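Here are my notes on this model, as numbered points. Please read them with the coordinates open.

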Amino acid sequence: MNVGIIGTGAWGRALATLVAEAGHQPRIGYRRRSPRGFPGTPNLAMLAEDSDLLIVAVPAGAVREVVEKARPGPGSRVVIATRGIEPESGRWLSSVVLAHAAARRVGALAGPALASEVVERRPGALVVASPYEEVRRLAQAALHSSICRVYTSEDLRGVELAGAAVNVLSAVVGMADALRLGVGVRGVIVTRGLAEIARLGDALGADPATFAGLAGMGDLVGCGCHPDHPSYQAGGHLARAESGDPELARKAEALLSLAARHEVELPLLGAMARIARGELKPRLAIDMLMRRSAKSERR
Amino acid sequence: MLARARTPHPRAEEVAVQGAPPPLTHDEVARRMAERAARRLQGMDDEAVRAYLAEAVYLERRRFATSKPSELTEGDRAEQKVIERAARAVHRDRPAQERAVLDLAEHYAREVHNPFSPRTYDFATRVLPGALTRLLTATRPRELLGRGPDPSDRIQVQGPTELLAKLARTHTLVLAPTHVSNLDSPLIGYALYASGLPPVIYGAGLNLFSNPFMAPFMSRLGAYTVDRRKKHRVYKDVLKDYSTDAIGRGAHSLFFPGGTRSRSGRIERRVKKGLLGTAILAWQEGLAEARPRPEILVVPCTLSFALVLEAETLIEDSLAEEGRSRYIITDDEFSEARTVASFASRVLNLDASVVVRFGRPLDLVGNPVDDEGRSLGPDGEPIDRRRYVTDRDGRVEWDAQRDRVYTAVLSEALVRAWHRDNVVLATHAAGLAAWSLLRVRHPDIDPYQLVFAGTDERTVPRADLLRAVEATVVAIERLAAAGALHDGLPAGPSPAARAEAVLAQALDRFSRFHKRRALEPAPGGAIRVEPRLALYYGNRLDGYEVDEAPLEAHLRGVLRRAIREAGA
């Protein structure tokens with residue numbers, strides 16, 4: 001199988017490692033610097049045309065640009081391996097592909113796999129979600145090996161939402177750790193954070209079970225709570241800094257505006273957005289969250 | 001400006017060239033459907049074949065047993081014999097079960113099929129305008145035999161009809177309209193004829209074939225018979241196979257993807273994908289067999305009625321306890337010949353009372369197409385759409401699961417197109433305005449209770465209603481300017497003047513037919529609102545957003561502010 005990967009960062013190279021491990025030939029499409037260790041091409045359109053499966057592993061803000069260059073067409077199958085939402089538009093990354101290319105067969109990849117661990121061939125697992133059985137099957141075949149189990153899911157919306165939420169919740173964990181709030185709080189953030197995201201997912205037609213899976217719980221506990229995770233680090237900076245973090249604010253706001261449209265309350269992410277905008281001090285936010293009325297765990 | 005329908009009566013030969021393929025006999029259709037059923041059986045294991053047959057036997061026997069003798073048709077009695085033979089086969093070996101399935105498929109194929117030829121169509125197109133005219137102008141059923149004015153004065157046809165006529169010569173078209181009324185199919189038939197477009201075949205419920213007003217249109221315009229009482233897979237598969245086969249042979253087709261008339265008055269937001277999915281299968285069969293004309297395009301279409309004949313029954317059904325709404329309504333206004341005639345004369349006979357709007361065609365995964373019928377990507381450049389279903393060497397890659405997702409994507413594109421192509425008329429705008437006003441005046445009454453509000457609650461000052469209509473007109477102008485819908489409201493120099501004209505026209509339209517009127521003048525210059533009908537007509541504007549709020553919520557905000565200011 002010809003597998004094309006767009007993105008020369010740590011994650012792109014980690015995915016190329018997985019593809020090679022699974023017994024296929026990866027080719028990396030690059031915009032500026034040719035990658036080392038794998039065959040590469042700057043011609044993204046040709047890469048898209050020649051690949052049986054095209055994996056996009058560039059930062060969320062660059063997905064649109066590379067999709068417009070690669071122009072995956074009616075015959076392409078595209079899997080987005082980047083977690084998150086397009087920053088400017090608040091759109092799902094798979095929707096960015098659908099809006100800017102003729103390709104219809106899209107999917108998303110997420111789960112607890114740190115690039116640094118993958119290249120050291122440590123065991124891990126990922127989930128590929130797509131409404132197209134064919135895309136799930138191809139991505140599984142392209143990436144599944146003895147160092148990485150790849151599970152499939154039909155719940156594209158849920159996996160994308162979980163990926164976007166983990167990015168923000170990881171920052172909440174990083175902030176709480178920086179404030180030395182203790183391990184109990186970490187457990188609260190993980191479970192209650194995913195509970196509010198699962199409510200939003202339910203309203204969007206996603207499967208609530210997805211959030212307890214690899215893309216949700218797995219990624220947040222495994223990678224999101226790790227000091228190397230960029231969002232975790234951003235949360236830590238926020239706890240110590242005097243000003244906010246506009247990028248983090250944007251990530252949280254994208255989820256909040258979605259929630260507002262579906263009349264779902266996201267207390268934890270709401271507080272995080274206000275902290276990231278510099279409107280609220282973390283300590284005060286925690287106090288406010290703790291003083292909310294008592295509730296049942298399930299609803 | 002609203003364009004009037006042209007009436008270029010196409011000559012018979014032209015119709016024969018671009019119209020339906022040569023008709024098949026009942027025997028030929030039965031054979032073809034049996035072949036398809038046999039292929040389907042090949043993919044099933046023994047247990048699946050037995051269950052497939054057993055379901056048909058069980059559901060049909062139950063239907064026969066629970067129907068009153070008067071409800072059973074001659075066709076039912078013929079079917080009963082085939083079902084009883086099948087019942088015996090359920091307990092025998094697989095070959096016997098397969099034979100029984102094929103028997104049933106052949107039986108249903110004959111039942112569904114209606115031999116339709118360009119020649120009968122030619123006959124129908126000559127008969128149709130007269131018949132439709134009479135339908136639209138008759139005051140009493142007896143006058144249906146008389147002659148009346150040209151229906152093109154009454155029915156506006158909008159959209160790229162010349163482009164569609166051109167594409168129909170090289171592509172098979174699948175027409176996909178919103179479903180409002182039982183009058184939809186004859187009106188679309190008329191609109192096709194009036195715009196020089198070829199005829200279509202379509203599935204129509206049994207009850208329409210026995211309706212004295214509809215029967216002449218049904219078979220002549222290529223209707224095939226759909227019996228919605230039969231709910232088992234053998235029958236549904238025959239319907240799908242029939243459609244796949246017909247589209248594949250180049251017959252332009254009509255589906256109502258909503259499946260049934262919209263109960264709430266809303267534009268359908270969900271689409272039944274079974275029949276729509278036959279188009280993509282027919283396309284792939286055409287590609288695989290290298291047929292000369294395999295390409296298929298979907299044409300969205302909207303029908304806007306100033307007044308809907310069945311409005312009262314439909315909205316009652318929509319408001320009935322959820323989940324108990326009926327899929328088949330047999331006792332609506334449509335079953336009374338006199339009601340249809342009076343509706344026709346009092347409503348359709350008015351200027352601007354019906355608009356049929358064809359949209360720009362889509363390919364089978366929802367992409368727009370250019371004037372040559374080539375699919376366009378998001379950047380506006382042509383793409384090779386065959387690659388959605390073929391490999392690099394052009395071989396078809398069969399994948400039913402993928403096709404279901406493609407059809408879901410197409411459905412979403414259709415729903416968007418319907419909203420864009422929706423032509424808003426005065427009754428829709430006034431209905432929404434009145435409903436929003438009631439909600440603002442009674443913030444403490446739940447909308448579900450408001451529909452049953454008493455006389456006092458539902459009588460509103462004319463000035464307030466006018467303000468609500470004006471706010472609606474302003475919102476519609478904004479939506480129309482953004483390309484979100486089409487403004488079919490009466491013209492005027494300012495929103496205030498238009499609001500006056502809209503309210504006057506709506507009051508006039510509403511006064512013409514329904515037993516209960518959505519809006520009617522009340523003593524003291526007030527207006528009495530019938531909330532259910534106002535909601536029904538206003539629902540045609542559901543699904544639009546202004547300033548990121550649903551249109552109705554936006555209007556309520558504007559009205560609350562306006563009323564506060566007026567009070568201050």
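In which loop of chain A is A:Arg121 found? Point 2 takes this up.

1. Ground rules. This is a predicted model, in which local features need pLDDT of at least 70, side-chain atom pairs count only at pLDDT 80 or more, and totals for chains, interfaces and linings use all residues. Residues are numbered from 1 along each chain as its sequence is written, while chains are lettered from A and ligands numbered from 1 in the order in which they are written.

2. A:Arg121. The loop between helix 5 (115–119) and strand 7 (124–129) of chain A holds A:Arg121. Helices (H or I, at least four residues) and strands (E, at least two) are DSSP runs, numbered from the N terminus. A:Arg121 is not a glycine, yet its phi is positive, about 60°. Most residues other than glycine have a negative phi. A:Arg121 counts as partly exposed because it has 14 C-beta neighbours inside 10 Å. The cut-offs: a residue is buried if 20 or more other C-beta atoms lie within 10 Å of its own, exposed if 12 or fewer, and partly exposed in between, with C-beta atoms placed from the backbone.

3. B:Glu548. Chain B has a positive phi to check too: B:Glu548, at about 65°, is not a glycine either. B:Glu548 lies between strand 13 (545–546) and strand 14 (549–550) of chain B, in the loop. B:Glu548 has 9 C-beta neighbours inside 10 Å, so it counts as exposed.

4. Strand 6 of chain A. All six residues of strand 6 (residues 105–110) are buried. A:Arg105, A:Gly107 and A:Leu109 point one way, and A:Val106, A:Ala108 and A:Ala110 the other. Strand 6 runs parallel to strand 5 of chain A, joined by four bridges; strands pair if DSSP finds at least two bridges between them. A:Arg77 has A:Arg105 as its bridge partner. Strand 6 runs antiparallel to strand 7 of chain A, with three bridges. There A:Ala110 stands opposite A:Val127.

5. The crossover. Strand 5, helix 4 and strand 6 of chain A make a right-handed β-α-β unit. Right-handed here means that, with the strands pointing away from the viewer, the path from the first strand over the helix to the second runs clockwise. A:Gly90 lies in the loop between strand 5 (77–80) and helix 4 (93–100) of chain A. A:Gly90 counts as partly exposed because it has 17 C-beta neighbours inside 10 Å. Beyond four places away in sequence, A:Gly90 touches A:Ile85, A:Ala254 and A:Ser257. Contact means C-beta atoms, placed from the backbone, within 7 Å.

6. Chain B overall. Chain B has 21 helices and 14 strands. Of its 568 residues, 49% count as buried. Among contacts between residues at least 6 apart in sequence, 76% join residues at least 24 apart.

7. Covered elements of chain B. Eight of the eight residues of helix 20 (residues 531–538) are buried. Their cover includes helix 13 (311–319), helix 16 (426–441) and strand 11 (519–522) of chain B. Strand 1 (residues 155–158) has B:Ile155 and B:Val157 pointing one way and B:Gln156 and B:Gln158 the other, all buried. Four bridges join strand 1 to strand 7 (residues 354–358) of chain B, in parallel. B:Gln158 stands opposite B:Arg357.

8. The interface. In chain B, 16 residues are in contact with 12 residues of chain A. The chain B side divides into seven nonpolar, three polar and six charged residues. Here Ala, Val, Leu, Ile, Met, Phe, Trp, Tyr, Cys and Pro count as nonpolar, Asp, Glu, Lys and Arg as charged, and the others, Gly among them, as polar.

Technical notes. Two residues are in contact if their C-beta atoms, placed from the backbone, lie within 7 Å.
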